[in-house]
Amino acid sequence: MKHDMPYKLMLSESEMPTQWYNVRADMKTKPAPLLNPATGKPVTLDELSKVFCRELAKQELDDVSPYIDIPEEILNFYHMYRPSPLVRAYFLEKALDTPAHIFYKFEGNNTSGSHKLNSAIAQTYYAKKEGLTGVTTETGAGQWGTALAMACAYFGLECDVFMVKCSYEQKPFRREVIRTFGANVTPSPSDTTAVGRDILKRFPGTSGSLGCAISEAVESAITRPGRRYVLGSVLSQVLLHQSIIGLETMAALKKYGVKADIIIGCAGGGSNLGGLISPFMGEKLRGEADYKFIAVEPASCPSLTRGKYVYDYCDTGKVCPLAKMYTLGSGFIPSSNHAGGLRYHGMSSVVSELYDEKLIEARSVEQTSVFQAARDFARVEGTLPAPESSHAIRVAIDEAIRCRETGEAKNIVFGLTGTGFFDMTAYQKFNDGVMSDYIPTDEEIARSLAETPKIG
């Protein structure tokens, strides 16, 4: 079988981007500012610096600088696993009998197994530079916790991770990798924090959520000297760091003379999707090119497709700043049967604004359908995808089948955010035929949304 281009569209080390791209600079309507929940006014740099490292707080508030230099020490770390490959999925194309050309940006070629390391090393670098002794965070499926533990080990910082309880119990090996890199792991909600005890009282027997874990991590960070909180998704600073994914993808496509038509990413909090699409979205916003962007979220936690675009708390304990975003309500607890880490109640303010302007499409997909796509992809492409990534695979396959029906030879690009080797309990349930789908009712979502703060 002769191919018109390599399997891997690779960049050399010297071709790797040396700046992050900030899509907010090209957005005509900027994302709404974070609000101080006590005053209802936009948070200041000094207020935000009590939670985040000051340099990261600056990045969070910067919506005018299009490019920000990547520090040399971060670039040196990136070179251990970047540039990551952009792979042409020839065997998937053949299996689908589609005229479409399918490409995936593979972010699983590092020990953390996901794209999360791109921001973890950046945030840890700034914490070290500020003279902190450690950082505190939350993690859902465990990829972010693993990545942060690796980064902290590299810079010699302490690391505390609050892991969503259902993942803590379902993914013991991911938990042990985090511990192996030296981090402390606590199932959330826990009785180690005041907000955790309150959540346990309000939701007895809960399996937890990212919103719960964020509350505990923030409390733990701000009540201990020499600590700051770091977050693996949602925040604009994280999308900035993850833009390395999209920048490399764009450079590789241009190197091989390919113009993307459809770009697809899984969407939980927005870090992977935002990082992948940002440079392409910049071209669209500047009128230089046009693309179709699709955000894919789980039907069990459908913040874009069924949420409301309002100001809401970023966490269940209501200790974080308020963000305007598509949300299901900070009290929304996703079903524990969902096997992926896409369990956040809201969506990045950047992604939310772009979606509200109809620059991005959104689709929700059910769990069993996602795992069918994961299985089919693994059998022909030889890579076992993470459940989160498989949401994007599901819709990439759907789009390729649509191309088969219409005869259009479109170029489809999706983000393969990581590997699924720590998700074998979920794969076992799928293979045994006992995996179920759960879709929240309108009443459940309405009940949660009723508790959002009343802000104009």
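1. Strand β7 (residues 158-164) and β8 run parallel and are joined by five bridges. Strands here are DSSP runs of E of at least two residues, helices are runs of H or I of at least four, and both are numbered from the N terminus. Two strands pair if DSSP finds at least two bridges between them.

2. The model is predicted: local features need pLDDT of at least 70, side-chain atom pairs count only at pLDDT 80 or more, and totals for chains, interfaces and linings use all residues. Residues are numbered from 1 along each chain as its sequence is written, and side-chain values use heavy atoms, with hydrogens and water left out.

3. The order β8-β7-β6-β9 describes an open sheet of four strands with parallel pairing. Its edge strands, β8 (184-188) and β9 (227-229), each pair on one side only.

4. Helix α10 packs on this sheet and touches β6, β7, β8 and β9 (contact: heavy atoms within 4.5 Å). The direction of α10 makes about 165 degrees with that of β6; axes are lines fitted to C-alpha atoms, for helices over the stretch in contact, and angles run from 0 to 180 degrees between N-to-C directions.

5. There are four cavities of 30 Å³ or more. A cavity is a set of points on a 1 Å grid over the protein atoms alone where a 1.4 Å probe fits but cannot get out; lining residues have an atom within 4 Å of a point. The largest cavity is lined by 30 residues, and Lys116, Leu210, Ser233, Gly341 and Leu342 are the closest to its centre. Helix α12 gives the largest share of that lining, three residues.

How values were computed. 1 Å grid on protein atoms, 1.4 Å probe; cavity = no way out; pocket = protein on both sides within 12 Å on 5 of 7 lines; lining within 4 Å. Points joined across faces, edges and corners; volume = space filled by probe spheres on them.
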